[in-house]
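This briefing walks through a few parts of the structure shown below, topic by topic. Please keep the sequence and the 3D view side by side as you read.

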Amino acid sequence: MSAEYRNCGVGLNQSPIDLNHEIKASLPQLEIEYGNNFVSVENNGHTVLVTAGKGNHLIVDEERYDLIQCHFHHPSEHLLKGEQFPLECHFVHRLADNEIAVIGVLMKKGRRNDAFEKILTLAPEEAGEKVEIPDHRLAIKDLLPNTLHYIRYSGSLTTPPCSEAVNWMILVEAVEISVDQIARFAALYPNNARPIQPLHHRPVLEN
Ligand SMILES: [Zn+2]
């Protein structure tokens, strides 16, 4: 294993985890200010990834993070009290000094989701291909639930190099997507979820 990937094997703060036994805490409110500026939809061989343009922010801990991209895992990577969901969306944000915060949104079977529909329609079948989003318009807020109640812990990227000190915030309310949408994503990525990792001594906080 190369040094670059070392964390994946020996890191003690890895993601994903089963979200269970949370400690009640007073967590700061999440302020999500996502605009309507998204550049492209890409099939990168690991997932379907939407690149964000400027003007999409997450404000938490009195810091203003820029949204860099969002992407999807099938099935969900995080479990909620042992339960796995059909999909999970990761909104990856960065601060100027490269600190990373990821919001995880669990996706459950239900009604068709318009933003996910647009992403699925644009997503190239061939790995390595990318298409520009017409007019860079995508109502990404459809991929957020009504409530921003969340569970927080310190973890890692779930793909190599599995870098740690990632600030994870998993929303407790899932969003709905249709059975047909789940099947279409599964046709591209039958399983692109990393298995759950040991918690070790990390606190998992819930507001
Ligand atoms: Zn991810």
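Predicted model: local features only at pLDDT ≥ 70, side-chain atom pairs only at ≥ 80, totals over all residues.

Two strands count as paired if DSSP finds at least two bridges between them. With that in mind, E33 has H57 in strand β6 as its bridge partner.

**Strand β6 and its partners**
- Strand β3 (residues 31–33) pairs with β6 in the antiparallel sense, over 3 bridges, while 4 bridges join β6 to strand β7 (residues 63–73), and these two also run antiparallel.
- Between β6 and β7 lies a hairpin with 2 residues between the strands, where D61 takes a positive phi near 55°, and V60 stands opposite E63 in β7.
- In a regular strand the side chains alternate between the two faces of the sheet. In β6 (residues 57–60), H57 and I59 point one way and L58 and V60 the other, and all are buried.

- Since buried means under 20% relative accessible area, H71 counts as buried because its value is 11%, and H73 does so because its value is 3%.

**The nonpolar core**
- The largest nonpolar core has 41 residues, of which L58, F72, F91, I103, M107, F116 and L143 touch the most other members.
- Apart from this core lies another, of 15 residues, among them I100, V102, V166 and V204.

**Helix α2**
- In helix α2 (residues 114–122), the buried residues include A115, F116, E117, I119 and L120.
- N113 caps the N-terminal end of α2, with a side-chain oxygen lying 3.1 Å from the backbone nitrogen of A115.

Terms used
Residues numbered from 1 in each chain as written. Heavy atoms only, no water. Buried < 20%, exposed > 50% of the residue type's maximum accessible area, 1.4 Å probe, protein only. Polar contact = N/O pair within 3.5 Å; in protein donor to acceptor, adjacent residues only side chain to side chain. Core = buried A, V, L, I, M, F, W, Y, C linked by side-chain atoms within 4.5 Å.
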